[in-house]
Amino acid sequence: MFVSWRVKALFVGPAVAYFAVFMLLPVLAALGLAWTSWTGFDIGQASWTGADNFVALVHDPVFGKALWHTALFVLLSTVLLNVTGLLVAMLINTRARGHDFLRVAMCVPLALSPVITAVLWQYLLGPYGLVNQLLSDVLGITGEPIGFLGEPALAFATIVSATVWQYSGINMLLFYAGLQSLPSERLEAAAIDGAGWWSRTRFVVLPHLRPVLAIAVLLNLIGGWKVFDLVYVLTKGGPNRSTEMLSTYLYEQAFTINNVGFAAAIGCVTCALAIASMLVRRPLAGAEYA
Amino acid sequence: MTALGHEPKAVAPIAMRVRPRAGTRRAAASLACLGLGAAFVLPLLWVASLSVRDEADILSLRILPGSFHLANYADAFKTFNLGPLFVNSILITAGTVILSVAMSVTAAYAIASWRSRLTEGLFLLILLGLMVPPSLVITPFFIAMLNLGLYNSLLGVILAESAFALPVGILILRGYIDRIPVELVGAARVDGATSWQAFRHVVLPQLTPAIVTVALFITIFTWNDFLLPLVLLPSSDGSTLTVGLATSVGQYGQSDVGLLAAASLMSVLPVLAVFMAARRYYVLGLSAGALKQ
């Protein structure tokens, strides 16, 4: 069917123009700013400094920490989100009584903002929180309240746990949809052949879910590198930078110290890591789906 | 475990005789479902219990509330000045949904129905927008809005949010449009309809579920977003609910626990209600956007 180029342009034009002005241009500007030294007030005062910002990144111990913490966060949360999502999807798929309640309950956190999640977890784990009350008053294990957000390792674990609590619903929904598309004859055939639960899971269910797993991991990785709100509200990167992430360090550099060029360099590294995450999809999905 | 007695089906005794462990296993699965489900709603229930306590009750270290102090909600509304924050969140969310849905529905239709190297290239380019961390572009946004006179305005936030919403909309809608038979549009064109008429009267009516899905995703994303309004709309009495709450946590988090708990719940309720009402569209969006890629 003939459609003139003018009609095509009218349909696709607004979105493309908008994307060019409000996404492409800012990204290019950020890529450019990373090669300058600028305090963010008068663009005339920006000066080209070449790769200085990137050299400074390499020598900056705080950036090293932020990079390591973010990578560890991305790895831990991706593994835990997928393990939790898969196990719960399989549990729900048994259609045992209460499976509908579990499915709805797991979706509730998906509607919340990470800021609210931070508030909820702060009140759950704080000095007057439910967990400390259970530990000290009811079970009598600890005398003093545990400062979950004051201890470096505990603060980091809290951020990972809150993330898994908030987003494992997405992984569960994806895996559950994948499980429902698995023909039951295949499982029955395996069972008749004498395969137990583990063998059926290992040789029938998991291979079937590989393409879904690839998508889920990709979503988790891309989301993980962007983590900001939860950390900013829960710990602000503390205590003593033990939960400092790339995004929180960038925010500090850009809007507290006005070190705009350096902040843009951090942003470039983050973006490169997010894009590089796409490489995991093909090997995870397996050859037949590539 | 005596939960076996709860098995409702008449076939249960036979199944039990054949495989004595099946019933126990089912009961264990039920128990796991209920326990895990409870764990997922527990943080919300705990904050709900804090939100109705008076100050002494919060310090009392009791698990269940000993008071029912609903005045917390009215006090929180006044203390944190939630009225204008609600209005701002609603306006920003509505503006972003309208702007990005309007642009993505026409673009997704064009990309899906006029296959060429150019449209495929544009599609992949726009999808790259999904990879961009908001923190990368927040400084250029800040500078641009300052120079355009849109800093600290609702419109500035709407324009920035829409840039991130657009790729989501195009991804989901394109996956959906691919499933609409092209012949319908061809038939309409043969009958003398213009491209726009064919789109408006043949394609658009079939897209309703996909548009609801996109609107749902963008509503949740925009209502909950933090970094963009934090930087672009920083005024203390005029930001969004999410930013206002995050600021209040720092100021009142330890002192006015009951009030802040009530404010948090109030800010969650609208989007949670929308999400629960349209939950099946969320699943649709996940499968259209992610699985069909």
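User: What makes H8(B) largely enclosed by the rest of the structure?

Analyst: In this predicted model, 22 of the 24 residues of H8(B) are buried, so the helix is largely enclosed by the rest of the structure; a residue is buried if 20 or more other C-beta atoms, placed from the backbone, lie within 10 Å of its own. Helices are DSSP runs of H or I with at least four residues, numbered from the N terminus.

User: Where does H8(B) have a kink?

Analyst: The kink, of about 35 degrees, lies at Phe164(B), shortly before the proline Pro167(B), the bend being the angle between axes fitted to the seven residues ending at a residue and the seven starting there.

User: What makes up the side of chain B that touches chain A?

Analyst: Counting two residues as in contact if their C-beta atoms, placed from the backbone, lie within 7 Å, 75 residues of chain B are in contact with 75 residues of chain A. The largest share of chain B's side, 15 residues, comes from helix H2 (residues 20-51) of chain B.

By class, that side has 56 nonpolar, 16 polar and 3 charged residues, where Ala, Val, Leu, Ile, Met, Phe, Trp, Tyr, Cys and Pro count as nonpolar, Asp, Glu, Lys and Arg as charged, and the others, Gly among them, as polar.

Methods:
Residues are numbered from 1 along each chain as its sequence is written. Chains are lettered from A and ligands numbered from 1 in the order in which they are written. This is a predicted model: local features need pLDDT of at least 70, side-chain atom pairs count only at pLDDT 80 or more; totals for chains, interfaces and linings use all residues. Helices (H or I, at least four residues) and strands (E, at least two) are DSSP runs, numbered from the N terminus. A residue is buried if 20 or more other C-beta atoms lie within 10 Å of its own, exposed if 12 or fewer, and partly exposed in between; C-beta atoms are placed from the backbone.
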